[in-house]
Amino acid sequence: MLKFISVNFVKFIGGIFVAILDIKKAGDLVLKQQAKPIEKIDKTIRTLLDDMAETMYKANGVGLAAPQIGQSIQVVVIDVGEGLLELINPTIIRKEGTEIDTEGCLSVPGIYGEVERAAKVSVEYLNRRGKRHRITATGLLARCLQHEIDHLYGRLFIDIANNLQKVQK
């Protein structure tokens, strides 16, 4: 199921080796594909979750979806400062209200835009042990959940954003 993954470097954390993965950029075909659901959660998926989290942290991101590292599967990691969330086969089951805020993306570096999203969402997903969970979120977490789940359906924020701006470093 997993394809070859391009690795930037490997580090040793807490008794395990963790890979820092290459993040695909806008224009890569994998970012426009609909990701496949995970049928079996095994050691390979759990290792991928670990590697994705470390990659997200190293890139100073708040979320990362598997298509962003070249894997067209439904796996997402998120940390908006409330602790790491690992979501397998996430599905938005409820949306409420709307709000507009600025977004960016690790796959579209230096570009930001205003995106209208639901103000509150409920998402069902599997954790790394295969247990079904539901989370209801508002604020940055709700926005991040929607942004990362969009990646699983081949949508980038630049496809739906207004007032795109390039930020100079």
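## Close-ups of a predicted model

**View 1. Glutamate 124 pairs up with arginine 134.** Glutamate 124 and arginine 134 form a salt bridge (a side-chain nitrogen of Lys or Arg within 4 Å of a carboxyl oxygen of Asp or Glu), and their closest N and O atoms are 2.5 Å apart. The pair links distant parts of the chain, with glutamate 124 in strand β8 and arginine 134 in strand β9, 10 residues apart. Strands are DSSP runs of E with at least two residues, helices are runs of H or I with at least four, and both are numbered from the N terminus. This is a predicted model, where local features need pLDDT of at least 70 and side-chain atom pairs count only at pLDDT 80 or more. Residues are numbered from 1 along each chain, and side-chain values use heavy atoms, leaving out hydrogens and water.

**View 2. Aspartate 159 meets lysine 32.** Here the salt bridge is 2.7 Å, N to O. Aspartate 159 sits in the loop between α2 and β10 (162-166) and lysine 32 in the loop between β2 (16-21) and α1 (43-58), so the pair ties together parts 127 residues apart in sequence.

**View 3. Helix α2 is mostly covered.** Of its 14 residues, 12 are buried (under 20% relative accessible area; exposed is over 50%, partly exposed in between, with a 1.4 Å probe and protein chains only). Among them are Leu141, Cys144 and Ile149. Just after α2, glycine 154 takes a positive phi of about 75 degrees.

View 4. Salt bridges link Glu103, Arg117, Arg143, Asp150 and Arg155.
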